[in-house]
Protein chains: 6
Amino acid sequence: MPIVEIHMLQGRDLKAKQELVQRVTDAVCVSLGVQREQVRIIIREMKDEDYAAGGVLWSERT
Amino acid sequence: MPIVEIHMLQGRDLKAKQELVQRVTDAVCVSLGVQREQVRIIIREMKDEDYAAGGVLWSERT
Amino acid sequence: MPIVEIHMLQGRDLKAKQELVQRVTDAVCVSLGVQREQVRIIIREMKDEDYAAGGVLWSERT
Amino acid sequence: MPIVEIHMLQGRDLKAKQELVQRVTDAVCVSLGVQREQVRIIIREMKDEDYAAGGVLWSERT
Amino acid sequence: MPIVEIHMLQGRDLKAKQELVQRVTDAVCVSLGVQREQVRIIIREMKDEDYAAGGVLWSERT
Amino acid sequence: MPIVEIHMLQGRDLKAKQELVQRVTDAVCVSLGVQREQVRIIIREMKDEDYAAGGVLWSERT
């Protein structure tokens, strides 16, 4: 604890993911006063045909 | 806000997904009185070996 | 299956929630061709101090 | 109801998944006094580049 | 890892919750061959006005 | 998009929550190159009787 789930569109490379989990872990530790090893992060990638805003699939936006 | 997650078995085509997000967005807007652009929808597809009812994987039902 | 989670700010009354689940169930059934009894919906309410957009808690927007 | 989501690293075979959902369903039924058919289980697999502990992606641990 | 989320209607007492997490942890360890300390469980309770099946809120079933 | 869910034990005050969402939003923007307004954060608080590690509820640890 804490456990962080990050829902995002797929397509980022490994380097971006490593930077993401590092920076988010720092942010959580500083704000909540917890130890790094306590922080778990799950990255939930989505295809752009599986995300919609305003009733339109991201893959179908013109 | 609101954010809707729809967990469903994989296999639907793009047309069915577009109709789904359109109709669900309509339903949310009418019921909650929010604007279309406020509504986000995430479709969470599952393989039938990753869903179980009554202790049996969907892929193993006879 | 399908299972729908609706994340929304707290404050809606019972009537609005009933209309919401009814309309969303209709939308899912028509789009995916499933039976009403198959559709499960979970409403996840949040306090406005537990939701943020653009780095600002909803409760702190001026 | 209840609905169980199991977040785990990918790589288990079908036999392990079937045993998992069977045993977890048993555990839920005995503890909560519900019927087997009421219990739904979703397995959420993750690549080891999508899970981090202590700010390090599982795929990058040395 | 693994992380288990159990979505269930509210109303169970502490004893039932302790038995639930103990039995589910056992089930996960035996099936997946992981250590007890690796298993995290989150119990997500819901009011019966926040869960619906077949388009009807659990609190409104007659 | 992205949408971040932070599962954590309840008990933090408003100031800590505001710092948390601000710092996590910064971390996501820098790592993924998205705009602040695109980032949504949901804080999921839990009672310590609803979280378990190693088969023991957090409220029951001695």
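Helices (H or I, at least four residues) and strands (E, at least two) are DSSP runs, numbered from the N terminus. This is a predicted model, in which local features need pLDDT of at least 70, side-chain atom pairs count only at pLDDT 80 or more, and totals for chains, interfaces and linings use all residues. Residues are numbered from 1 along each chain as its sequence is written, chains are lettered from A and ligands numbered from 1 in the order in which they are written, and side-chain values use heavy atoms, with hydrogens and water left out.

Q: Where does E:S31 lie?
A: E:S31 is in contact with D:A16, D:E19, D:L20 and D:R23, leaving aside its neighbours within four places in sequence; contact means heavy atoms within 4.5 Å. The place of E:S31 itself is helix 1 (residues 14-32) of chain E.

Q: Is E:S31 buried or exposed?
A: Buried means under 20% relative accessible area, exposed over 50%, partly exposed in between (1.4 Å probe, protein chains only). E:S31 has a relative accessible area of 9%, so E:S31 is buried.

Q: Is A:P2 buried or exposed?
A: A:P2 is in the segment before strand 1 (3-9) of chain A. Not counting residues up to four places away in sequence, A:P2 touches residues including A:V28, A:L32, F:H7 and F:M8. Its relative accessibility is 1%, so A:P2 counts as buried.
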